[in-house]
Amino acid sequence: MPHYCCAIGCRSSSAKDKNVQDDGKRCLSFHQFPSRELEPKRMKQWIHAVRRQDGTFSVTESTRICSLHFSDDMYCDGERSRADCKSTRRRKLKKDAVPTLFPHQTSLTQKRSRPPPKERSEPPRKKTKYSEAADLDEPSCVEEIDLVSSAFGDTSVEAAKCQAAKCQQLQLENERLKEQLARAESKLRSFVAFSVKFIEGDDAKTQYYTGLSTWPMFQACYTFLEDGASVMRYWHGSRTPAEDDIHSGQKPGPKRKMALMDEFFLVMMRLRLGLGLEDLGYRFGVHKSTISRIFISWINLMDRKFKHLPTWLSRRKVDTLMPPCFKRWYPSTRIIIDCVEFFVNSPDSPARKCASFSQYKNHSTVKCLVGVAPHGHTMFVSKVYEGSISDRAITEASGLLTKLERGDSIMADKGFNIQDLCVASGVRVNIPPFRTGQRQMIPADVAATKKIAGVRIHVERKMQRIKCFHILGKELDNSTFDTIGQVIYVCAMLTNFQGALVA
């Protein structure tokens with residue numbers, strides 16, 4: 001049975017012709033590993049010398065190492081070299097013999113000579129605005145090296161040059177990073193800077209983001225509020241800004257994080273688009289709690305300022321602005337009224353849940369009375385009531401009837417059964433006629449219904465303008481009843497800053 005050498009890279013075999021000399025004598029011998037039981041230490045030395053750590057090597061009875069890996073002094077006949085071997089008998093190893101001749105051991109025993117250091121040249125220096133300024137003020141590293149070499153000789157010049165090269169590389173890297181930082185900051189400012197400049201001079205964007213018809217109208221509304229906003233005390237928790245806070249002469253508290261017109265733009269965006277606090281925070285680069293404080297503070301301010309406006313028009317003013325359709329059929333009309341409801345989340349209290357539930361909307365709502373002049377101007381907005389209240393009750397409780405004069409007339413829907421409340425003050429109520437037990441309406445009642453519906457449609461258009469402020473299209477938080485009333489009132493008054501409703 002032929003034997004093969006187990007050493008890495010060795011191809012010796014007892015069956016190959018190259019292992020036989022010209023005279024037919026064998027010059028290689030193959031040696032078995034020491035016994036694991038009798039010579040365990042020597043066995044480990046052989047395995048370690050072979051370095052077969054590929055995970056598949058295991059020593060068996062047929063594992064052999066050829067004599068190429070043993071030096072001559074490891075044999076009992078060490079005085080004869082392997083080349084001079086004339087005997088056909090097997091050469092015998094000494095008891096402490098260990099294979100030592102392997103390619104990996106030869107490479108390890110050879111001492112590697114360290115290559116001479118390469119001559120380092122100074123890298124070209126990139127000229128930038130920072131480096132040019134530095135060249136004018138500070139001496140270069142090369143000049144400092146020349147001073148060192150002249151003072152201490154050439155002994156430390158090489159080390160100093162290496163340090164100078166590193167210094168120049170670090171300076172170039174620092175300049176590059178500064179330029180990258182400046183570009184990143186400029187790019188960040190362009191991303192965060194969502195402000196009123198985005199809609200400046202653009203009527204279409206102004207209409208979309210704020211609900212106001214034109215950019216000059218937005219400026220006029222802001223100018224009206226600017227004096228109070230500049231000294232406004234911002235809302236914090238349950239402490240609501242007092243009336244004196246608006247006219248204190250200067251703004252108390254910390255410095256504003258946003259420009260005043262940007263704050264107004266933010267509030268108008270939330271009213272018009274119904275955007276959430278986090279969305280606005282990402283757009284304007286401030287925290288959502290800051291957005292909440294700004295919004296509530298501005299709503300308080302706008303509510304107070306709008307209530308000082310003369311929204312209730314005189315009889316003469318109403319007649320002057322009355323459209324032809326009203327002058328022809330209902331010339332005494334002073335105001336057109338209707339109730340509008342907005343969804344709120346259901347209260348926890350059973351009593352409040354019952355009081356806020358609307359049979360008409362089949363949901364918890366709040367309700368308010370809105371009065372519009374014949375030409376479309378919002379004249380009256382009541383405070384909010386819970387959704388179960390009737391149209392008659394809200395009209396009586398709102399105080400609207402006390403503002404009317406003798407000879408005025410009110411136009412309303414069928415639900416406003418308030419004729420008896422208006423008789424004493426000499427006010428007439430124009431509502432569509434009822435069928436009153438008849439199988440169908442008589443022709444005169446049908447014509448009257450059509451005439452009233454043809455002119456009363458304008459109040460429905462006004463309600464639609466109010467509802468175009470999409471913050472009212474969501475479920476409002478019923479825990480802040482006063483704030484809901486302020487938001488509804490502000491949205492109704494902002495419709496007066498829009499274009500004419502009736503030509």
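Predicted model: local features only at pLDDT ≥ 70, side-chain atom pairs only at ≥ 80, totals over all residues.
1. **The pocket.** Start with the second largest pocket. Its volume is about 420 Å³. Its lining is made up of 20 residues. Nearest the centre of this pocket lie Asp338, Cys339, Glu341, Tyr360 and Lys361.

2. **What lines the pocket.** Three elements each give at least two residues to the lining of the second largest pocket: strand S3 (333-343), strand S4 (357-358) and helix H17 (443-467). By type, the lining residues are six nonpolar, six polar and eight charged.

3. **A buried threonine.** Look next at Thr395, in helix H15 (residues 391-398). Is Thr395 buried or exposed? Thr395 has 0% relative accessibility, so it counts as buried. Which residues does Thr395 touch, leaving aside its neighbours within four places in sequence? The contacts of Thr395 are then Leu369, Leu400, Leu401, Phe416 and Ile418.

4. **Salt bridges overall.** Side chains of opposite charge can pair when their charged atoms come close. The structure contains 12 salt bridges. Three of them follow.

5. **Arg283 and Asp279.** This pair forms a salt bridge, with the closest N and O atoms 2.9 Å apart. Both residues sit in helix H10 (residues 277-284). Arg283 and Asp279 are four residues apart, about one turn of the helix. Arg283 has 26% relative accessibility, so it counts as partly exposed. Asp279 is also partly exposed, because its relative accessibility is 30%.

6. **Arg315 and Asp319.** These side chains meet in a salt bridge of 2.6 Å, N to O. Helix H12 (residues 315-321) holds both residues. Again the spacing is four residues, about one turn of the helix. Arg315 has a relative accessible area of 17%, under the 20% cut-off, so Arg315 is buried. Asp319, at 34%, is partly exposed.

7. **Glu386 and Arg352.** A salt bridge also joins the side chains of Glu386 and Arg352 (3.9 Å, N to O). Where do the two partners lie? Glu386 is in strand S7 (residues 385-386), and Arg352 is in helix H14 (residues 350-356). They are 34 residues apart, so the pair links distant parts of the chain. Glu386 is partly exposed, with a relative accessible area of 27%. Arg352 is partly exposed too, at 34%.

Definitions and conventions
Residues numbered from 1 in each chain as written. Heavy atoms only, no water. 1 Å grid on protein atoms, 1.4 Å probe; cavity = no way out; pocket = protein on both sides within 12 Å on 5 of 7 lines; lining within 4 Å. Points joined across faces, edges and corners; volume = space filled by probe spheres on them. Nonpolar A, V, L, I, M, F, W, Y, C, P; charged D, E, K, R; others polar. Buried < 20%, exposed > 50% of the residue type's maximum accessible area, 1.4 Å probe, protein only. Contact = heavy atoms within 4.5 Å. Salt bridge = Lys/Arg side-chain N within 4 Å of Asp/Glu carboxyl O.
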